[in-house]
Amino acid sequence: MERSGVAFGTSGARGLVAAMTDEVCFAYTTGFLSYLESCGDTAPGASVALAGDLRPSTPRILRACVAAIRHRGYVPVFCGYVPTPALCVHAFAAGMPSLMVTGSHIPADRNGIKFNRPQGEFLKTDEAGMRAQDVEVPADLFDENGALQSPADLPDPVDVTTGFIRRYQDFFGTDALKGLRLGIYQHSAVGRDVLVDLVQALGATATPFGRSTDFVPVDTEAVRPDDIALARERAAQGDLDAILTTDGDSDRPLLADRKGHWLRGDVLGILAARFLQAQSVATPVSSNTALEKAGFAADIRRTKIGSPFVVAAMADAVQKGAQPVVGYEANGGFLLATKVENAGRHLSALPTRDSVLPMIAALVAARAFGNDLAALTATLPERFTGSDRIVGMPTAQSAALLDRMRQDPGTAASSLGLISECGAVTGVDETDGLRMSFASDDIVHFRPSGNAPEMRIYVETDTSERTDALLALARAALIRESGMHTHA
């Protein structure tokens with residue numbers, strides 16, 4: 001791990017494609033299986049499920065993972081190029097370990113491997129246990145560049161999408177979206193065709209657009225200006241009730257109203273949690289505080305950013321008897337720790353990020369508001385979040401900058417121009433990064449990314465205009481403070 005620079009981020013192992021050689025990916029997969037054996041989760045002879053996204057490096061990495069699975073004495077079950085949640089629904093139901101080759105939303109020059117235990121996601125404690133494994137990598141399998149000498153073809157894929165679609169059809173009903181006209185922004189998302197089939201299975205008319213042969217790094221938490229403009233231009237044609245899309249591995253949703261305005265992922269999470277009548281909700285500290293102000297959840301747990309932390313908080317809530325228990329992230333990924341019920345129908349637990357459930361839940365909830373997602377969203381307390389990032393800021397530089405700010409948050413806020421804009425610092429939260437609350441009830445949160453060399457910035461205020469202005473101010477001030485020269 002140290003030699004390659006491929007390390008665990010907030011969601012699995014990530015690194016530059018050039019660093020993710022066949023040998024490195026083989027070693028990671030071997031360590032994964034070795035760790036599961038030490039936990040008693042599996043043993044040689046068992047099956048291991050795997051799938052991948054559509055970035056160019058994914059097939060090669062999948063072949064390296066298959067080589068490791070076979071070398072360790074396991075049977076690879078290739079599920080094809082499918083959404084991460086579709087892989088997980090299949091693997092969890094069968095009690096199989098699984099891995100997804102994906103870099104999620106990050107650019108195509110990077111990729112990653114997300115690991116799952118037979119019953120759910122890898123937690124941070126699992127990552128530590130896997131890191132401690134001693135693995136032997138047969139040198140004769142690889143050339144001097146770490147490439148497999150004789151890469152084998154991938155097994156024929158098994159069908160996991162039919163069951164994935166049926167999961168939501170059985171819960172919501174075949175007429176749940178009847179009459180709705182839904183645009184599906186396909187770009188290079190691995191679930192782009194599955195999403196079309198799914199909304200049609202629920203009764204909607206689907207209109208695909210924007211399909212790309214090149215990988216498009218759609219980030220549902222920091223939407224690109226190109227995607228903002230694209231949604232508004234497409235919506236302006238006036239023939240759609242909403243637009244749906246996902247990130248690269250289709251576990252994070254992005255939903256736009258009929259005017260083409262993308263809903264924030266944490267707002268979508270609140271809408272879905274309320275629709276499902278969740279009593280316990282786990283969500284990262286960066287998510288919109290309208291959740292607390294909405295008042296429907298008796299138990300709210302704020303976590304560090306990353307689905308493993310949300311999963312751990314949900315598991316604790318389940319252990320203490322809460323039901324139903326859900327979680328979501330600011331990127332919109334939605335997790336179910338317990339089954340939920342709607343009109344006598346049940347949906348089984350899926351404790352990993354899912355893009356489908358929150359979008360369908362919001363569209364069904366909007367039925368009572370003339371299918372107007374904007375009107376549905378207006379029923380929530382008025383808190384507006386925004387996020388941005390400073391690309392190219394090394395993690396070490398981000399961490400050092402935050403360490404200095406932590407020593408005296410008030411002085412740091414003043415230096416950044418936040419005191420003059422927002423008033424005195426009234427609270428500091430170091431759950432993940434540095435999150436400052438101000439007398440104006442504004443919130444500004446700085447956090448180094450766990451997946452890429454960039455600093456994330458989150459802002460929350462009482463109006464969308466103020467959020468945009470404060471986000472721009474905070475970003476410019478942090479670039480100035482860090483000494484960087486960038487327009488990224």
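Q: Are Phe8 and Tyr28 buried or exposed?
A: The model is a predicted one. Residues count as buried when their relative accessible area is under 20%. By that criterion, both Phe8 and Tyr28 are buried.

Q: Which kind of aromatic pair do the rings of Phe8 and Tyr28 form?
A: Ring planes over 60 degrees apart count as edge-to-face. The centres of the Phe8 and Tyr28 rings are 5.9 Å apart and their planes lie at 80°, so the pair is edge-to-face.

Q: How many residues apart in sequence are the parts that the pair of Phe8 and Tyr28 ties together?
A: Phe8 belongs to strand S1 (residues 7-9). Tyr28 belongs to helix H1 (residues 22-39). The pair therefore ties together parts whose separation in sequence is 20 residues.

Q: What is the geometry of the aromatic pair of Phe115 and Phe122?
A: Both Phe115 and Phe122 are buried. Their rings are 6.0 Å apart, centre to centre. Planes under 30 degrees apart would count as stacked and those over 60 as edge-to-face. With 45° between the planes, the pair of Phe115 and Phe122 is tilted.

Q: Which residues form one aromatic cluster with Phe8 and Tyr28?
A: The count of aromatic pairs comes to 13. Phe8 and Tyr28 belong to one aromatic cluster, whose other members are Phe32, Tyr35, Phe115 and Phe122.

Q: Over the ring of which residue does the charged end of Arg55 sit?
A: A charge can sit over a ring if CZ of Arg is within 6 Å of the ring centre. For Arg234, the charged end sits over the ring of Phe209, 5.8 Å from its centre. For Arg55, the distance to the ring centre is 4.1 Å, and the ring is that of Phe215.

Q: Within what arc do the buried residues of H4 fall?
A: In helix H4 (residues 124-131), the residues Asp126, Glu127, Gly129 and Met130 are buried. Viewed down the axis of H4, these buried residues line one face of the helix, because they fall within an arc of 165°.

Q: Which strands are included in what covers the buried residues of H4?
A: The cover of these residues includes helix H1. Also included are the strands S1, S2 (12-16), S6 (110-117) and S7 (120-121).

Q: With which residue does the side chain of Thr352 make a polar contact of 3.4 Å?
A: Thr352 lies in strand S18 (residues 350-354), and its relative accessibility of 0% means that Thr352 counts as buried. Beyond its neighbours within four places in sequence, Thr352 is in contact with residues including Cys88, Phe92, Glu121, Phe334 and Leu335. The polar contact of 3.4 Å joins the side chain of Thr352 to that of Lys114.

Conventions. Residues numbered from 1 in each chain as written. Predicted model: local features only at pLDDT ≥ 70, side-chain atom pairs only at ≥ 80, totals over all residues. Heavy atoms only, no water. Phe/Tyr/Trp six-rings, centres within 6.5 Å; stacked < 30°, edge-to-face > 60°. Helix = DSSP H or I, 4+ residues; strand = E, 2+ residues; numbered from the N terminus. Buried < 20%, exposed > 50% of the residue type's maximum accessible area, 1.4 Å probe, protein only. Lys NZ or Arg CZ within 6 Å of the ring centre and 35° of its normal. Arc of directions from axis to C-beta. Contact = heavy atoms within 4.5 Å. Polar contact = N/O pair within 3.5 Å; in protein donor to acceptor, adjacent residues only side chain to side chain.
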